[in-house]
Amino acid sequence: MSAKNESSDEGATETFDERLTRLEGIVSELENGDLGLEPAIERYTAGIELLKSCHATIEAQRARVEELTADAERALRPFDGDPDAEQG
């Protein structure tokens, strides 16, 4: 797979799982040690870009979960004067 196929444009259409799978493949290639210096640097650079993209996705999803949790907590909070809430 060439570095051209791993441009940031492609990352925009890939799912998180697809990007993570690609990143794992790059890590395996680098750990194998069969690449020359230039290809290894290209793979490493592509891996760093995938890592940044995966981290950004995780951060966005974490923020979304926090937002949903806050919304749920507000929705579940008893209203003032709720007789059922005062019985606890």
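Trainee: Before we dig in, what are helices here, and where does their numbering begin?
Mentor: Helices are DSSP runs of H or I with at least four residues, numbered from the N terminus. Keep in mind that we are looking at a predicted model.

Trainee: Got it. How many helices and strands does the protein chain have?
Mentor: The secondary structure comes to four helices and zero strands. Reading from the N terminus, the order of elements is α-α-α-α.

Trainee: What does the pLDDT of the protein chain average?
Mentor: The average is 85, and 83% of the residues score at least 70.

Trainee: And where is confidence lowest, and where highest?
Mentor: Helix 1, residues 8-13, has the lowest confidence with a mean of 58, whereas helix 2 has the highest at 97. Over residues 1-8, pLDDT stays under 50. For that stretch the model has nine contacts beyond four places in sequence.

Trainee: Which residues of helix 3 are buried?
Mentor: Those are Ala40, Arg43, Ala46, Gly47, Leu50 and Cys54. Part of what covers them is helix 2, residues 16-32.

Trainee: You mentioned Cys54. How many residues is Asp17 from Cys54 in sequence, and how far in space?
Mentor: They are 37 residues apart in sequence, with 8.9 Å from C-alpha to C-alpha. Asp17 sits in helix 2.

Trainee: Is Asp17 buried or exposed?
Mentor: Exposed: its relative accessibility is 54%, and the cut-off for exposed is over 50%.

Trainee: What about Glu14, where does that lie?
Mentor: Glu14 is in the loop between helix 1 and helix 2. With 13% relative accessibility, Glu14 counts as buried, since buried means under 20%.

Trainee: Which residues is Glu14 in contact with, leaving aside neighbours within four places in sequence?
Mentor: Its contacts are Arg19, Arg22 and Leu50. Leu50 is one of the buried residues of helix 3.

Trainee: Zooming out, what percentage of the residues in the protein chain is buried?
Mentor: Buried residues make up 16% of the 88. The chain exposes about 6,900 Å², and 55% of that comes from carbon and sulfur atoms. If you take contacts between residues at least 6 apart in sequence, 53% of them join residues at least 24 apart.

Trainee: Which residues make the nonpolar surface patch?
Mentor: Leu30, Leu35 and Tyr44 make a patch of about 260 Å². Tyr44 belongs to helix 3 and is exposed, with a relative accessible area of 51%.

Trainee: Switching to charges: what does the count of salt bridges come to?
Mentor: Seven salt bridges. One of them joins the side chains of Glu49 and Lys52, at 3.6 Å from N to O.

Trainee: How many residues apart in helix 3 are Glu49 and Lys52?
Mentor: Three residues, so they are separated by about one helical turn. Glu49 is partly exposed at 43% relative accessible area, and Lys52 is exposed at 52%.

Trainee: Which residue does Glu66 form a salt bridge with?
Mentor: Arg62, with 2.3 Å between the closest N and O atoms. Here the spacing is four residues in helix 3, again about one helical turn. Glu66 is partly exposed at 48%, as is Arg62 at 37%.

Trainee: And Glu67, which residue is its salt bridge partner?
Mentor: Glu67 pairs with Arg64, the closest N and O atoms lying 2.9 Å apart. Both residues are in helix 3, three residues apart, about one turn of the helix. Glu67 is partly exposed, with a relative accessible area of 44%, and Arg64 is partly exposed with 39%.

Trainee: Last one: which residues do salt bridges with shared partners join into one network?
Mentor: That network is made of Glu59, Arg62 and Glu66.

Methods:
Residues numbered from 1 in each chain as written. Predicted model: local features only at pLDDT ≥ 70, side-chain atom pairs only at ≥ 80, totals over all residues. Heavy atoms only, no water. Buried < 20%, exposed > 50% of the residue type's maximum accessible area, 1.4 Å probe, protein only. Helix = DSSP H or I, 4+ residues; strand = E, 2+ residues; numbered from the N terminus. Contact = heavy atoms within 4.5 Å. Patch = residues over 30% accessible without salt bridge, like charges linked within 9 Å, V, L, I, M, F, W, Y side chains within 5 Å. Areas by Shrake-Rupley, 256 points an atom, 1.4 Å probe, with all protein chains shown as cover. Salt bridge = Lys/Arg side-chain N within 4 Å of Asp/Glu carboxyl O. pLDDT = per-residue confidence, 0-100.
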